[in-house]
Amino acid sequence: MAAGGHGNGVESVVMAESGKTFYIETFGCQMNAHDSEKVIGTLEHEGYRRVETEEAAGLILYNTCCIRDKAEQKVFHRLNEYKKMQGEGKQFGVLGCVAQQEGNRIFEKAPYVSLVSGSASYRNLPEMLVRLEAGEKRITGLDDRQTEETFDTEFTARSNPHRGYITIIEGCDKFCSYCVVPYTRGKERSRSSASVLAEAARMAAQGFTDVQLLGQNVNSYRDPLGHMTFAEVLRAIADLPGIRRVRFTTSHPRDFTRDIVEAISDVPAICDHVHLPVQSGSTAVLKAMQREYSREWYLERIAWIKAARREISMTTDIIVGFPGETEADFDQTLSLLDVVGYDAVFAFGYSPRPNTPAIGMAETVPEDVKAARLQRLLEAQRERQRTAYERHVGQVLEVMVEGYNRQRGQITGRSSQNKTVNFTTTQPILPALGSYGHVRVTQAYPNSLVGEAVHVPHVVGLAASGLVMA
Ligand code: 5AD
Ligand code: SF4
């Protein structure tokens with residue numbers, strides 16, 4: 001691993017008065033959010049204390065994303081702000097995908113940065129921190145992308161005490177032609193099912209009831225010891241005492257197997273929601289994207305999901321304006337909204353990424369055409385959701401209580417299908433955060449539901465929650 005050749009003596013590093021402190025800001029996907037929880041846990045184990053502002057911190061870390069160009073620009077904007085803080089004895093570290101992509105160039109652009117590390121190197125953080133504390137200037141963790149190892153840590157500092165992530169697979173070997181992830185997050189590697197189950201059991205013992213399995217392609221999971229399939233892992237976690245909900249994201253159509261649908265049909269604790277990014281409805285565009293499936297292949301998996309014995313909510317990601325996408329290709333994508341009936345669509349204009357195969361493709365779609373298509377797609381989906389969510393009106397849904405909206409006099413919950421349900425209760429006391437209750441849905445919006453509590457078992461006193469409903 002390159003140390004940067006700047007180990008010219010030990011400089012004393014001025015830490016904030018109360019010892020070693022750090023501030024961390026996270027951009028990007030759930031994988032990044034969960035990586036930060038692991039990084040925070042590791043730092044705390046190494047004697048650092050987390051603070052809420054850059055001003056109060058001795059060490060400032062940015063966990064970055066470069067999936068699309070705006071995310072990247074945001075990081076460089078924030079890095080520029082670092083400049084203003086120079087000379088205050090602070091140390092700076094850039095983590096995550098921009099760190100991996102830009103590597104040593106970050107030191108050129110921002111010489112006040114001392115640490116640059118991609119996610120495949122986080123398991124070496126304790127060692128990197130020792131070097132940082134010794135005043136070393138250009139510490140890198142960039143060379144571990146071919147690793148077989150995963151970043152499992154017992155120190156993970158989960159931000160929510162009821163609902164938490166477990167990474168079961170890191171990296172990606174799919175190499176879609178538009179995507180940086182295989183380059184930034186490295187080789188695909190799965191954890192053993194025994195370690196995944198042990199972590200889930202530990203979480204259950206700590207009081208977590210909702211567990212979300214994470215992976216860039218979560219269903220590409222392959223137990224390195226060959227003991228369990230992905231669907232079996234879902235069932236085993238759902239079986240653990242105390243676990244009430246198991247979620248998973250993101251699924252790849254190529255590896256989406258029927259036994260996943262069977263598991264959801266059989267086990268109420270496996271949540272009735274599948275996020276299955278399609279990217280395009282046109283087989284020609286899918287081919288150029290190197291997705292390794294056709295429109296028909298994708299729709300066959302959708303048909304399995306629709307045939308399940310429970311209604312399963314479906315959501316997707318779509319890229320608009322990929323090179324070569326014609327109006328007819330785009331119409332094929334639009335038609336998916338009706339054919340599939342998604343509950344949410346995350347759509348993005350194609351953004352050329354450095355070093356990816358698609359960057360050299362001819363027939364680029366002009367920005368104004370891309371923007372217009374994106375707008376049309378989002379409007380069509382919004383219109384759909386306006387009526388789609390109405391199917392829940394009159395239903396009684398189980399929700400986990402996630403927050404209170406004092407202004408509106410509402411409690412916010414989340415359904416098994418991952419929908420936001422805002423509800424009122426006639427009880428004078430509020431349900432505790434993390435408790436489960438049942439809500440009768442009375443109204444539907446395109447992105448949320450509204451209802452009334454019919455049964456809220458666990459309650460806390462007003463004094464305990466400090467909140468009074470309006
Ligand atoms: N341009 C636009 N969108 C992209 N995504 C990934 N790479 C790109 C890119 N180069 C989208 C995909 C993916 C989601 C996380 O981000 O839709 O599923
Ligand atoms: Fe962004 Fe992809 Fe990295 Fe997640 S893995 S932070 S989405 S570039």
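1. First, the ground rules. Residues count from 1 along each chain as its sequence is written, while chains are lettered from A and ligands numbered from 1 in the order in which they are written. In this predicted model local features need pLDDT of at least 70, side-chain atom pairs count only at pLDDT 80 or more, and totals for chains, interfaces and linings use all residues, with side-chain values resting on heavy atoms and leaving out hydrogens and water.

2. On confidence, the protein chain averages a pLDDT (the predictor's confidence in each residue, from 0 to 100) of 91. A score of at least 70 is reached by 92% of the residues.

3. Next, have a look at ligand 2. Around it are C29, N32, C65, C66, I67, C97, V181, R185 and Q216, where a residue is near a molecule if one of its heavy atoms lies within 4 Å of it. This shell has six nonpolar, two polar and one charged residues (Ala, Val, Leu, Ile, Met, Phe, Trp, Tyr, Cys and Pro count as nonpolar, Asp, Glu, Lys and Arg as charged, and the others, Gly among them, as polar).

4. The whole structure holds eight aromatic pairs (rings of Phe, Tyr and Trp, the last by its six-membered ring, with centres within 6.5 Å; planes under 30 degrees apart are stacked, over 60 edge-to-face and the rest tilted). One of them is Y122 with F151, edge-to-face at 5.7 Å centre to centre and 70° between the planes. This pair links distant parts of the chain, 29 residues apart: Y122 is in the loop between β5 (113–117) and α5 (125–133), and F151 in the loop between β6 (139–141) and β7 (163–167). Helices (H or I, at least four residues) and strands (E, at least two) are DSSP runs, numbered from the N terminus.

5. Y122 counts as buried at 0% relative accessibility, and F151 is buried at 6% (buried is under 20% relative accessible area, exposed over 50%, partly exposed in between, with a 1.4 Å probe and protein chains only).

6. Y178 and F322 are also an edge-to-face pair, 6.4 Å centre to centre with 80° between the planes. Both Y178 and F322 are buried. Ring pairs join Y178, F322 and Y350 into a cluster.

7. Finally, R301 has its charged end over the ring of W297, 3.6 Å from the centre (NZ of Lys or CZ of Arg within 6 Å of the ring centre and within 35 degrees of the ring normal). R244 lies over the face of Y436, 3.9 Å from the ring centre.
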